[in-house]
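The following exercises ask the reader to work through a structure step by step. Each task is followed by a worked solution.

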Amino acid sequence: MIFRSHMQAALSEARAAAARGEVPVGAVVVAPDGGIVASAGNRTRELNDPTAHAEVLAIRAACHVAGMDRLPGHDLYVTLEPCPMCATVISFARIARLYYAASDPKSGGVEAGARVFSHPQCHHVPEIYDGIDADSAATLLRDFFKERR
C-alpha cells in the first residue's frame, strides 16, 4: 500500500477555523480504504463548548457515519499535537494511526505534558507519526496568535 498523507485536508480545516476566529486546528478521519470519512476544525468559541476541539468533532462525525462508537482501522490527521482530552478520545475511539503536524510543548498530551498513551490506564495506543507538514501548521498558529496580540 502506498502512503498518502491527508494533512493538507486537515490544514484546510485549520484555515477555515482561523477564518471563524477559532484557534486554527483541523482534523480529518480517514477510513481503512483511504477515503476521508469526516473532517472538522475547532469550534469551541462558536459552540460555546470547551470540548469542541477539531479531533473530537471529527471523531464524533466519523462514529456517526460508521454507526458505531469505535473506529478500528481508521487514521486521524490533526494539525497540532492532541491535548490530553483529545488523546483520551483517540484512545477510546480505537483510532489505529495518529498523524499530527506541529508539536505542542505547552498543552500537548502525546509527546509533551500528560503523555496519555504512556499511562497504564490507557487501553489503546495508536501508531503515532509526528511532524508531517509541521512548518505549515506552526506558521498558521503563530500568525493567528500574532494577529491577536
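A residue counts as buried when its relative accessible area is under 20%, and as exposed when that area is over 50%. The model examined here is predicted.

**Exercise 1. Classify Cys83, Cys86 and Pro105 as buried or exposed.**

Step 1. Cys83 has a relative accessibility of 15%, so it counts as buried.

Step 2. For Cys86 the relative accessible area is 1%, and this residue is therefore buried.

Step 3. Pro105 has a relative accessible area of 70%, so it is exposed. Pro105 is located in the loop that runs between strand 4 (97-102) and strand 5 (127-130). Although Pro105 and Glu81 are 24 residues apart along the chain, their C-alpha atoms are separated by 8.7 Å.

**Exercise 2. Determine how many disulfides the structure contains, and examine Cys83.**

Step 1. A disulfide is a covalent bond between the sulfur atoms of two cysteines. The criterion applied is a pair of cysteine sulfur atoms within 2.5 Å.

Step 2. For Cys83, the nearest cysteine sulfur is that of Cys86, 3.7 Å away, and Cys83 is in no disulfide.

Step 3. Cys86 is likewise in no disulfide, its nearest cysteine sulfur being that of Cys83.

**Exercise 3. Identify which residues touch the most other members of the largest nonpolar core, and which elements supply it.**

Step 1. The core has 41 residues, and those touching the most other members are Met7, Ile59, Leu76 and Leu98.

Step 2. The elements that each supply at least two residues of this core include helix 1 (7-19), strand 1 (26-30), strand 3 (75-80) and helix 4 (84-92). Helix 3 provides the largest share, six residues.

Step 3. Take Leu76 as an example. Leaving aside residues up to four places away in sequence, Leu76 touches residues including Val28, Ile59, Ile90, Leu98 and Tyr99.

**Exercise 4. Describe the largest pocket: its volume, its lining and the elements that contribute to the lining.**

Step 1. The volume of the largest pocket is about 510 Å³.

Step 2. Its lining consists of 23 residues, and Val23, Leu80, Asp104, Leu141 and Phe145 are those nearest the centre. Two or more lining residues come from helix 2 (44-47) and from helix 5 (134-148). Helix 5 contributes the most, with four residues.

Step 3. Sorted by class, the lining comprises 10 nonpolar, five polar and eight charged residues.

Key. Residues are numbered from 1 along each chain as its sequence is written. This is a predicted model: local features need pLDDT of at least 70, side-chain atom pairs count only at pLDDT 80 or more; totals for chains, interfaces and linings use all residues. Side-chain values use heavy atoms; hydrogens and water are left out. On a 1 Å grid over the protein atoms alone, a cavity is a set of points where a 1.4 Å probe fits but cannot get out, and a pocket is an open set with protein on both sides within 12 Å along at least five of seven lines; lining residues have an atom within 4 Å of a point. Grid points are joined across faces, edges and corners, and a volume is the space filled by probe spheres set on the points. Ala, Val, Leu, Ile, Met, Phe, Trp, Tyr, Cys and Pro count as nonpolar, Asp, Glu, Lys and Arg as charged, and the others, Gly among them, as polar. Buried means under 20% relative accessible area, exposed over 50%, partly exposed in between (1.4 Å probe, protein chains only). A nonpolar core is a set of buried Ala, Val, Leu, Ile, Met, Phe, Trp, Tyr and Cys residues joined through side-chain atoms within 4.5 Å. Contact means heavy atoms within 4.5 Å.
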